[in-house]
Number of protein chains: 2
Amino acid sequence: MQEASMPSQVSWTREVRRFIEAGGNTTHAFGLGRLIGRMFALLYLSPKPYSLEDIATHLEISKASASMTIRQLEEWHAVRHVPVEGDRRDFYEAETEFRIIVKQGLLPGIRKKLATAGSQIHRTLEAGATVPVSQDHSPAEIQIIKKRLRTAANLHKKLDGLLSSRLVEKLL
Amino acid sequence: MQEASMPSQVSWTREVRRFIEAGGNTTHAFGLGRLIGRMFALLYLSPKPYSLEDIATHLEISKASASMTIRQLEEWHAVRHVPVEGDRRDFYEAETEFRIIVKQGLLPGIRKKLATAGSQIHRTLEAGATVPVSQDHSPAEIQIIKKRLRTAANLHKKLDGLLSSRLVEKLL
DNA sequence: GACATCGTTTAGAATTTTCTAAATGATGGT
DNA sequence: ACCATCATTTAGAAAATTCTAAACGATGTC
């Protein structure tokens with residue numbers, strides 16, 4: 001009995017490891033750092049909450065890294081702090097409702113980044129409006145530039161509107 | 001006349017510089033590198049095509065960097081190679097149809113990244129199906145894990161379907 | 001209130017990523 | 001065919017990011 005389950009046992013833990021690394025590669029591919037994906041993957045596959053040190057041990061990282069990364073995950077609502085009775089350590093578990101993570105964590109972050117870009121588009125647009133003459137460009141060229149800026153501003157507006165709408169509801 | 005336009009002239013070029021840097025910050029914020037956004041912003045505000053050396057000069061980078069980054073932009077269909085009669089240098093101009101950039105450049109890249117994550121989810125799911133017993137987890141916990149994996153697989157499927165649909169048409 | 005244990009901060013080490021100069025390859029002009 | 005000029009490749013420098021050990025602060029325990 002025990003011997004029969006041993007081989008699969010080994011391959012399961014190895015598969016979990018692969019899963020964790022794949023999570024890290026995914027977040028890294030999207031420019032979010034490798035650790036955050038590894039950590040979320042670990043917690044997502046854990047029915048039981050983990051303490052900071054548990055996490056650090058499993059991922060073979062320092063407690064310092066674990067602390068900083070878990071706070072980032074908390075900001076994104078991807079991880080919850082769960083109190084464990086009679087233990088003053090911090091325990092964490094993964095948020096399993098992706099809707100919450102996307103809506104409260106990811107989308108606000110994306111919108112914030114887009115807002116920075118959008119404000120510069122408008123700033124340039126306004127600067128262009130007060131500059132009818134240029135030694136670098138002909139009047140016709142300036143019209144083209146202004147049109148492109150308006151197109152960019154329009155795209156930004158559409159994107160932001162879409163992200164703040166109930167698109168997410170439909171999705172999940 | 002000339003004196004009257006001089007002050008605005010200065011502020012316009014400065015504003016263009018700000019625009020370019022903002023473009024760089026935006027792509028960098030989304031994990032795409034700072035240079036690619038700076039370069040696209042430069043070309044987007046240029047009615048005339050630029051040669052590789054033009055680009056390198058304006059952005060104060062080496063021709064080597066310009067070459068590698070422009071190829072990346074080409075892969076994303078964000079920049080077009082335009083032949084200039086009687087000049088064997090390569091000239092480039094920005095693609096101004098964002099629909100094309102998103103549809104042919106960004107979305108395929110995103111889907112590719114998601115596909116990697118998705119295949120690992122399924123792989124783990126299959127491994128879990130063949131492992132009914134574990135010394136680390138109770139049977140009830142294993143059920144929870146399997147359910148979470150199915151949820152993740154489902155999310156991945158929805159996401160991928162959405163990205164490959166005509167969502168983009170509606171958007172732009 | 002001193003001690004023990006935990007989480008956070010921070011200064012700097014280690015790694016990764018980005019960038020460039022130089023070499024190479026490719027192509028057109030003479 | 002040779003030279004001149006351009007784009008690309010690559011090996012290694014430079015810069016940015018990520019990670020950690022140690023110091024610190026906070027909180028519960030005896």
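Across the interface of chain B and chain A of this predicted model, the rule finds three salt bridges, a salt bridge being a side-chain nitrogen of Lys or Arg within 4 Å of a carboxyl oxygen of Asp or Glu. Local features require pLDDT of at least 70 and side-chain atom pairs count only at pLDDT 80 or more, while totals for chains, interfaces and linings use all residues. Residues are numbered from 1 along each chain as its sequence is written, chains are lettered from A and ligands numbered from 1 in the order in which they are written, and side-chain values use heavy atoms, with hydrogens and water left out.

In one salt bridge, the side chains of A:Lys48 and B:Glu141 meet at 3.9 Å, N to O. Over all chains the structure holds 17 salt bridges. A:Lys48 lies in the loop between helix H2 (34-44) and strand E1 (50-51) of chain A, and B:Glu141 lies in helix H6 of chain B, so the pair joins two chains. Helices (H or I, at least four residues) and strands (E, at least two) are DSSP runs, numbered from the N terminus.

The interface also contains 12 residue pairs in polar contact, both residues at pLDDT 80 or more. A polar contact is a pair of N or O atoms within 3.5 Å; within protein, one must be able to donate a hydrogen and the other to accept it, and residues adjacent in sequence count only if both atoms are side-chain atoms. On the side of chain B that touches chain A, at least two residues each come from helices H1 (2-29), H2 (34-44), H5 (98-129), H6 (139-164) and H7 (167-171) of chain B. The residues of this side comprise 27 nonpolar, 16 polar and nine charged, where Ala, Val, Leu, Ile, Met, Phe, Trp, Tyr, Cys and Pro count as nonpolar, Asp, Glu, Lys and Arg as charged, and the others, Gly among them, as polar.

Chain B contributes 52 residues to the contact and chain A 53 residues, with contact meaning heavy atoms within 4.5 Å. The area buried between the two chains is about 5,000 Å², of which carbon and sulfur atoms give 68%; buried area is the accessible area (1.4 Å probe) that two parts lose on being put together, summed over both.

Chain B has an open sheet of three strands in the order E1-E3-E2, with antiparallel pairing; two strands pair if DSSP finds at least two bridges between them. Strands E1 (50-51) and E2 (79-84) of chain B stand at the edges, each with a single partner strand, so one side of each is left without a neighbour in the sheet. Two bridges join E1(B) to E3 (residues 87-94) of chain B, and B:Tyr50 stands opposite B:Tyr92 in E3(B). Five bridges connect E2(B) with E3(B), also in the antiparallel sense, and B:His81 stands opposite B:Tyr92. E2(B) and E3(B) form a hairpin with two residues between them, and B:Gly86 in the turn has a positive phi of about 70°.

In chain A, three strands form an open antiparallel sheet in the order E1-E3-E2. The bridge partner of A:Tyr50 is A:Tyr92 in E3(A).
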